[in-house]
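Here is a friendly set of notes to read with the structure open beside you. Take the points one at a time and find each residue as you go.

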Amino acid sequence: MRTAAVVAVLVGALTLASAAGAEDPPVTAPNLAALNGVNFIGNCGFSHRSMDDPIVFPGQPGASHDHSFVGNRTTNAFSTLATLRAGASTCKRVGETAAYWMPTLYLDGTPVRPKGATIYYRRKTLAPVRPFPAGFRAVAGDAHAMAAQPLRVTFWNCGANAGIAASSTVPTCPDTMANSLRLHVNFGSCWDGTSRDSADHKSHLAFAKAGKCPATHPVPVPAVSVIFRYATTGGPGVSLASGGQLTGHADFFNAWDQPTLRTLVRDCLNQLRHCAQGS
């Protein structure tokens, strides 16, 4: 009888824990190979263009080169976490009200609106990651680059199946549909743990090395990759509003519904799972 009573108590405790939504503990990756395909993905349509940048030039409308915005529909020079959280989004996933933008692409001097953007949130560290704090802001890439930037930061290509290698300069792509031009920009996956922004909008993030964060940036966070897709084959007539073809960069303003972001980090990245668009 004593054994049966103990079992009943344990079963009851497990039932209560399940009902309370007990969480699986975050998983430490055994090796880098275990991180392959661990991500969740956003699919966000084009919203608008403007010469605003609420990270670099907050409160200064028209002070920036032209940008193309995806995600939050309300992004402008005066955007704050509160205004963005209240805004609508072009992203398919409910709760993804973050703002993303890149310099506008021009073809022979004419602006080309992106077909849309794919936003990857990947895990690049062996240790589990933390979600970005609400209001986190960052820029990746160099808007003033005069030489090729590292390909780990930004590159052009024509999609994964086009058979054309990533490059610092614009390739000529096979078509304007599945194999059209893309611009990729990658953010670091290690945070200093305190700063929601920094003076240059970059120094509070760093890249992981061999799956580990440097001592200066000890907190693993999702590695954000912003990919803009364009209905053009590219070629030598392409330039960016920030100048030439080498100045690829992107801005990220975390205005996610924070519980949604926490859930995706917990259930996808920290369980070593792939979560498709909208799942």
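Predicted model: local features only at pLDDT ≥ 70, side-chain atom pairs only at ≥ 80, totals over all residues.

1. R93 is buried but forms no salt bridge. The nearest side chain of opposite charge belongs to E96, 4.4 Å away.

2. Where does R93 sit, and what does its side chain reach? You will find R93 in the loop between helix α2 (81-85) and strand β4 (99-103). Its side chain reaches the backbone oxygen of I41, at 2.7 Å.

3. Now for charged residues that do have partners. Side chains of opposite charge can pair when their charged atoms come close. The count here comes to four salt bridges. One of them joins R49 and D66, whose closest N and O atoms are 2.8 Å apart. This pair links distant parts of the chain: R49 belongs to strand β2 (residues 46-50), while D66 lies in the loop between β2 and β3 (67-71), 17 residues apart. R49 is partly exposed, at 39% relative accessible area, whereas D66 is buried, at 10%.

4. Another salt bridge is formed by D257 and R85, with 3.5 Å between the closest N and O atoms.

5. Next, look at R266 and D267. Their side chains meet in a salt bridge, at 2.7 Å from N to O. R266 is partly exposed, with a relative accessible area of 28%, and D267 is partly exposed, at 28%.

6. Finally, please check two backbone angles. Most residues other than glycine have a negative phi. D108 has a positive phi, near 50 degrees, and is not a glycine. D108 lies in the loop between β5 (105-107) and β6 (110-112), and it is exposed, at 64% relative accessibility. A210, also not a glycine, has a positive phi of about 55 degrees. Look for A210 in the loop between β12 (205-206) and β13 (219-220); A210 is exposed, at 60% relative accessibility.

Conventions
Residues numbered from 1 in each chain as written. Heavy atoms only, no water. Helix = DSSP H or I, 4+ residues; strand = E, 2+ residues; numbered from the N terminus. Buried < 20%, exposed > 50% of the residue type's maximum accessible area, 1.4 Å probe, protein only. Lys, Arg positive; Asp, Glu negative; His and termini not counted. Polar contact = N/O pair within 3.5 Å; in protein donor to acceptor, adjacent residues only side chain to side chain.
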